Amino acid sequence: MITLRAEFKKIKRKKIGLTMCALIGVQFVWLLWSGSRPDENERLQGWIEMLHSLPLVSVIMMPTIMSVLASRLADVEHKGNTYKLLNTLRRPGALYHAKVVCGALFILAISIAQFLFVIALGYARGYAGHPEWKYYGTTFVLNLACCLSLYLLQLLLSMLFFNQMIPLVAGLGGSMLGLILMYVKMYSFLPWGGFLSAAQVNMDWNPETRIIHLYYREYSPVELCAVAMIFIWIVVFYTAGRLLFTKKEA
Amino acid sequence: MPTQNLVETHNLTKQYGKIRCVNAVNMQVPPGAIYGFLGPNGAGKSTTLKMILGLARPTGGSITLFDVPVNEKNRMKLLAQTGSLIESPSYYGHLTGEENLRIIQTLKGCSEKDIDKVLKIVRLQEARGKLVNHYSLGMKQRLGLAAALLGFPKLLILDEPTNGLDPAGIQEMRELICSLPGAYGMTVLVSSHLLSEIDQMADHVGIIRKGELVYQDTLESLHAHSKEQIALRVSHMAIALDLLRQDGIEAVQEGDYLLLPMVDDAYVANLCRQLVTQNISLYRVEKREKSLEDIFLSLTGKESSL
């Protein structure tokens, strides 16, 4: 708790909250713009359609947001050359843990804001019925896990490199890669593809009738493995980051 | 085995690849001392201090702090009684001086009142609300010292604390360091590559050269090494040397001079008379003193940078 309290003191005036609000705001604008005037059929499929759009928005936006968040948290230490001081005050493992928890709290706030916005938007547009809480809840948890795995990866890179352009480029590259992999269906086992692996909604498009049918999917054993990969990435990146932090000599 | 020293290293060694930066250093810092750790650039001072603070892992040897052998389990507990300033000061430039100290105070778990006290000691009260990015280097260095002083630790480890400071800043920092043992009962381990600085601050000195501790004692003992000699320049060196040997004086020839140990004035007068009597021209009679700098250079090697 002491190291976490110090972590929040360190980021005063860094406007991390404001930056996160701005980036998540772009997602809101995107969601507002897509399907802004729904017809009767779209209102009927509104909730499921929203859950279909969400992973697409996340796969494009979240890697960048995570790289910005991790970079901001790590950069305060690089700029002030503070690792050598901090490591004489607290165990390196505790310092790393505080950075992880601090970032995770921001991610939790972002994810809650994202879901509250989606639900509020659905009701405002008059979608039929109510959200399928089971699927919305699962998406929320898996979305959170994906963000955390990407944040841990970005934190690792941000601590490794003094120049924060490198992890930021990696974050942007991850967004692009996630998008590209979506089209070639190779996303399943990569950290940036987690949002798509975890998607709860599939689309069935009939080329003759040109009608899109959305449906909630059940995971096949292979898809379940892809979802499990999200959690494996969390363990891998957390362990690697902690090792890097504790073994690094000042 | 309990010792009297606050810091002790036993055959402390650090090797990077094939290069041995620190080689079997046995440092002993007595309580209440200002221990000047002196050596040319790249001699291994910072690496040794980093190993004491656990910032670098020793390749060999051991460290004892406050009479307790340091290991991974007790390292943080022992370092809680230690303050440090290694190389350049560490700070969060986007925060004020006071906010920086508040972070250190939170992590050290010491009293909030200490912040006011240390700001007063380093004379930064007026700049406490200013962003550290707007501080001068001297102010940042003083803030680093303030951070090290938080909690008023028993041991203060300062690595080249006057680096980059102007003469006034150096003087100020020196005065501050000198006042710490008397005012707060602290033991200070301070490194420098400047002999004059250590001469003015320290009461104990350790000299490191190419990773090896080549001298360690009180500064007083180091000064005692600075022996006086008489230098003679004469026209016939060989005859003069014979004369001195007949009197049982061990003289050595160094360039154009004969160097003999300190003798009394009566002997010098008599020697001069004898030389003149034997038609030897006497050009110069000088009194020479081996300076502290000469001793330092003879210990560290003249090729080393000062």
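Two residues are in contact if their C-beta atoms, placed from the backbone, lie within 7 Å. The model shown is predicted.

**View 1. Helix α5 of chain B lies across β7 and β8.** The helix covers residues 137-149 of chain B. Strand β8 spans 155-159. Relative to β7(B), the helix runs at about 165°.

**View 2. Helix α6 of chain B lies across β4, β8 and β9.** Residues 167-184 of chain B make up this helix. Strand β9 covers 187-192. The angle between α6 and β9(B) is about 160°.

**View 3. An open sheet in chain B is built from 6 strands.** Their order is β7-β8-β9-β4-β10-β11, and the pairing is mixed.

**View 4. Strands β4 and β10 of chain B pair in the parallel sense.** Residues 34-38 form β4, and residues 204-209 form β10. The pair is joined over 4 bridges. Opposite Gly36(B) stands Val205(B), a residue of β10(B).

**View 5. Chain A meets chain B.** On the chain A side, 23 residues are in contact with 26 residues of chain B. Helices α1 (2-10), α4 (46-80) and α5 (83-86) of chain A each supply at least two residues of the side that touches chain B. The largest share, 6 residues, comes from α1(A). By class, this side of chain A divides into 11 charged, 6 polar and 6 nonpolar residues.

Note on methods: Residues are numbered from 1 along each chain as its sequence is written. Chains are lettered from A and ligands numbered from 1 in the order in which they are written. This is a predicted model: local features need pLDDT of at least 70, side-chain atom pairs count only at pLDDT 80 or more; totals for chains, interfaces and linings use all residues. Two strands pair if DSSP finds at least two bridges between them. Axes are lines fitted to C-alpha atoms, for helices over the stretch in contact, and angles run from 0 to 180 degrees between N-to-C directions. Ala, Val, Leu, Ile, Met, Phe, Trp, Tyr, Cys and Pro count as nonpolar, Asp, Glu, Lys and Arg as charged, and the others, Gly among them, as polar.
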